[in-house]
Amino acid sequence: MGAVKTKRMPRAVREQQMLDAAVRTFGQRGYMAASMDEIAELAGVSKPLVYLYLNSKEDLFTACIRREAGALVDAVRAGVRRDLPADRQLWEGLGAFFAHTAENPDAWSVLHLQARTHGEPFAAEVTAMREEIVAFVTQLILAAAREAHRDPDLPEREVAGLAEALVGAAESLAAWANATPGVTARQAAATLMNFAWAGLGDLMAGRPWTPPEEPQSPHVG
């Protein structure tokens, strides 16, 4: 029986099998509780083979983070068509994000929860992924806003802050949607669009909200 499980196949295919099993185990049981024995059994290979391919539990977890982070970034980028209006671009990007996290809940658990709570090397991998998504969203909003009100001097720093806020909201909402029965990816994307686009739509039209001026202190002068 064991010989059937470990029959010859390309190394890359077998490694993906191991990563699939590891993502499922880490996502459902958590990094500390997951065992290499359990991962090997789920992958249909021996534990020594897992160590041969991926060296250690830490290296295996890092490989899972990198693979799933890359898949999420690729999904968001692929979801956005630059020939669409600005609101549709954002809608498609959010839709791709929520669809991917809904279809891959174990991977999202690895990225959003496990990797961030088990040490700096793991957290750094997720931070790099997040920075890439924020940069992509920043450029998306920046280009659309500048085009909408013909302002080539719209500060990128201001838009980067909006992108940070939007990505942070998307992350929290994805965690909530995955834990709440009956919430679809489309509903989650629509919720965030309704939350964000009123403000972003005004920005696109050159009507940013500005805080009131602070009253002068009576002691000044």
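User: In this predicted model, which glutamate meets the side chain of arginine 116 in a salt bridge?
Analyst: A salt bridge requires a side-chain nitrogen of Lys or Arg within 4 Å of a carboxyl oxygen of Asp or Glu. The N to O distance for arginine 116 and its partner is 3.1 Å, so the pair qualifies. The pair links distant parts of the chain, 55 residues apart: arginine 116 lies in the loop between helix H7 (105-114) and H8, and its partner lies in helix H9 (residues 156-179). The partner is glutamate 171.

User: Is glutamate 171 buried or exposed?
Analyst: Buried means under 20% relative accessible area. Glutamate 171 has a relative accessible area of 7%, whereas arginine 116 has 34% and counts as partly exposed. Glutamate 171 is therefore buried.

User: Which residues are linked with Arg116 and Glu171 in a network of salt bridges?
Analyst: The structure holds 12 salt bridges. Arg116 and Glu171 belong to a network of such bridges.

User: How many residues apart are arginine 66 and glutamate 125?
Analyst: Arginine 66 and glutamate 125 form a salt bridge, with their closest N and O atoms 2.8 Å apart. Arginine 66 is in helix H5 (residues 57-79) and glutamate 125 is in helix H8 (residues 120-149), so that the pair links distant parts of the chain. The pair is 59 residues apart.

User: Is glutamate 68 buried or exposed?
Analyst: Glutamate 68 forms a salt bridge with arginine 67, the closest N and O atoms lying 2.8 Å apart. Arginine 67, at 23% relative accessible area, is partly exposed. With a relative accessibility of 8%, against a limit of 20%, glutamate 68 is buried.

User: Within what arc do the buried residues of H3 fall?
Analyst: The buried residues in helix H3 (residues 36-43) are Met36, Ile39, Ala40 and Ala43. An α-helix has 3.6 residues a turn, so residues three or four places apart point the same way. Seen down the axis of H3, these buried residues line one face of the helix, because they fall within an arc of 100°.

User: Which helices are included in what covers the buried residues of H3?
Analyst: Just after H3, glycine 44 takes a positive phi of about 75°. The cover over the buried residues of H3 includes helix H2 (11-29), helix H4 (47-54) and H5.

User: At roughly what angle do the axes of H5 and helix H6 cross?
Analyst: Two packed helices are described by the angle between their axes and the distance between the axes. Ala71, Leu72, Ala75, Val76 and Gly79 in H5 meet H6 residues, among them Gly93, Ala96 and Phe97. H5 passes H6 in a right-handed crossing. The axes come within 7 Å and cross at roughly 145°.

Note on methods
Residues numbered from 1 in each chain as written. Predicted model: local features only at pLDDT ≥ 70, side-chain atom pairs only at ≥ 80, totals over all residues. Heavy atoms only, no water. Helix = DSSP H or I, 4+ residues; strand = E, 2+ residues; numbered from the N terminus. Buried < 20%, exposed > 50% of the residue type's maximum accessible area, 1.4 Å probe, protein only. Arc of directions from axis to C-beta. Contact = heavy atoms within 4.5 Å. Axes fitted to C-alpha atoms, helices over the stretch in contact; angles between N-to-C directions. Left-handed = near helix turned anticlockwise from the far one by under 90°.
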